[in-house]
Amino acid sequence: DSASNMPLRAVIGPGCSSDVRDVASVAARSEAGGQDRLFISGSSTADSLTNDTAFPLLARMSTPENRLQVAMARSVAHYGRTRIYVLHDGTLWGRDSATAFVDAFQQLVSDGTVLNPNRMEFSIADFDAGRLNVTDILDDIGQREARIIFAAVNPRMMRAVFAAFDA
């Protein structure tokens with residue numbers, strides 16, 4: 001009985017950046033009655049979650065995307081690659097990751113080109129509903145003669161891309 005009356009002080013999780021946003025933001029805390037519990041996320045990396053005012057009492061154990069993507073862009077620059085194809089899902093993490101990578105790539109590679117600047121994002125809902133065909137994405141990659149592809153997509157979608165590529 002007394003254990004059920006004890007207030008919850010901390011939650012380990014969630015891992016997904018979108019889920020962290022949905023429970024740890026000031027707005028979410030307000031909707032939940034102003035709760036002040038600590039959220040500890042082991043894997044959320046979206047840069048927009050670094051705002052301590054918007055996300056009080058949030059501790060993340062993974063490196064934010066902006067730092068990870070600078071390292072990725074440095075690798076691309078190191079090998080002299082100037083043309084990249086960017087693909088990301090419409091999640092908070094996918095957008096933040098792709099934005100951080102493109103920003104770093106364009107700063108590091110003066111003649112760098114994103115081959116698909118207006119077609120980087122896709123909808124997971126469209127994929128799930130069959131309105132997005134993975135082979136269309138692969139055809140676009142091939143038509144643009146992309147050799148370097150930056151992909152910030154959920155694992156299920158990435159498996160579908162690899163399966164279609166190998167088919």
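**Reading helix packing**

Mentor: Start with helix α1: its buried residues pack against α2 (26–31), β2 (38–41), β3 (58–60) and α4. Packing here rests on contact, meaning heavy atoms within 4.5 Å. Buried means under 20% relative accessible area, with exposed over 50% and partly exposed in between (1.4 Å probe, protein chains only). Helices (H or I, at least four residues) and strands (E, at least two) are DSSP runs, numbered from the N terminus.

This is a predicted model, where local features need pLDDT of at least 70 and side-chain atom pairs pLDDT 80 or more, while totals for chains, interfaces and linings use all residues. Residues count from 1 along each chain as its sequence is written, and side-chain values use heavy atoms, leaving out hydrogens and water.

Trainee: Which residues of α1 are buried?

Mentor: An α-helix has 3.6 residues a turn, so residues three or four places apart point the same way. In α1 (residues 17–24), the buried ones are S17, S18, V20 and A24. Down the axis they fall within an arc of 160°, so they line one face of the helix. The arc is taken from the directions from the helix axis to the C-beta atoms.

Trainee: How do α3 and α4 cross?

Mentor: Two packed helices are described by the angle between their axes and the distance between the axes. For α3 (residues 65–78) and α4 (residues 92–108), the axes come within 8 Å and cross at roughly 45°. That makes α3 oblique to α4. Axes are lines fitted to C-alpha atoms, for helices over the stretch in contact, with angles from 0 to 180 degrees between N-to-C directions. Under 35 degrees is roughly parallel, over 145 roughly antiparallel, 65 to 115 roughly perpendicular, and the rest oblique.
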